[in-house]
Amino acid sequence: MRIINYLKFLILIYIFFIKNAFSDTIQIESEKLEILKIDGISIFTGNVYAEDKNLKLWSNKLTVYYDVEQESIINIIAEDNVKIIRLDLEAYGNQSNYILKNEELYISGNVTLIENENKIKCEKLFIDIKNSISIMTAGKESRVTAKII
């Protein structure tokens with residue numbers, strides 16, 4: 001029974017990221033915004049909160065890299081006290097990097113995934129959204145741990 005619950009939990013991780021992490025419209029709030037237009041970078045700092053119809057994200061810093069010519073986002077990096085909520089799944093870590101073109105999400109540093117009472121802890125999480133692949137990696141002095149109920 002625990003194996004079935006574990007598999008259900010892993011499936012929820014995939015569902016968590018099936019659609020692009022951010023839709024076409026995203027609202028971001030912060031204490032400070034620095035725009036480097038020529039470089040295609042926007043840096044939000046201080047109690048950052050980002051929300052769209054699919055996802056909510058909190059962090060101390062959020063950097064958005066965009067292609068000025070194509071007018072599209074390339075990747076989004078959240079740093080320090082990262083918290084992501086989508087549906088019933090919560091993800092925590094020290095840093096996240098979402099690469100839109102490749103549909104890849106990296107979360108690193110004390111990563112915790114929680115769904116109901118199920119919990120997975122690891123040092124690094126890689127999710128290939130396009131190919132439905134999740135890889136959880138332990139740190140040098142830790143192991144991947146899972147509590148499945």
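Buried means under 20% relative accessible area, exposed over 50%, and partly exposed in between, with a 1.4 Å probe and protein chains only. By that scale Tyr106 is partly exposed, because its relative accessible area is 34%. This is a predicted model, in which local features need pLDDT of at least 70 and side-chain atom pairs count only at pLDDT 80 or more, while totals for chains, interfaces and linings use all residues. Residues are numbered from 1 along each chain as its sequence is written, and side-chain values use heavy atoms, with hydrogens and water left out.

**Aromatic pairs**

- The structure holds two aromatic pairs (rings of Phe, Tyr and Trp, the last by its six-membered ring, with centres within 6.5 Å; planes under 30 degrees apart are stacked, over 60 edge-to-face, the rest tilted).
- Tyr49 and Trp58 form a tilted pair, because their ring centres are 5.1 Å apart and their planes stand at 50 degrees.
- Tyr49 counts as buried at 18% relative accessibility, whereas Trp58 is partly exposed at 29%.
- Tyr106 and Phe126 are also tilted, with ring centres 5.0 Å apart and planes at 45 degrees.
- This pair links distant parts of the chain, 20 residues apart: Tyr106 is in strand S7 and Phe126 in strand S8 (residues 118–128) (strands are DSSP runs of E, at least two residues, numbered from the N terminus).
- Phe126 counts as buried at 18% relative accessibility.

**Charge over a ring**

- The charged end of Lys83 sits over the ring of Trp58, 4.8 Å from its centre (NZ of Lys or CZ of Arg within 6 Å of the ring centre and within 35 degrees of the ring normal).

- Glu103 has a positive phi, near 55 degrees, and lies in the loop between strand S6 (89–99) and strand S7 (104–115).
- Asn110, in strand S7, has a positive phi near 50 degrees and counts as exposed at 53% relative accessibility.

Terms used. Helices (H or I, at least four residues) and strands (E, at least two) are DSSP runs, numbered from the N terminus.
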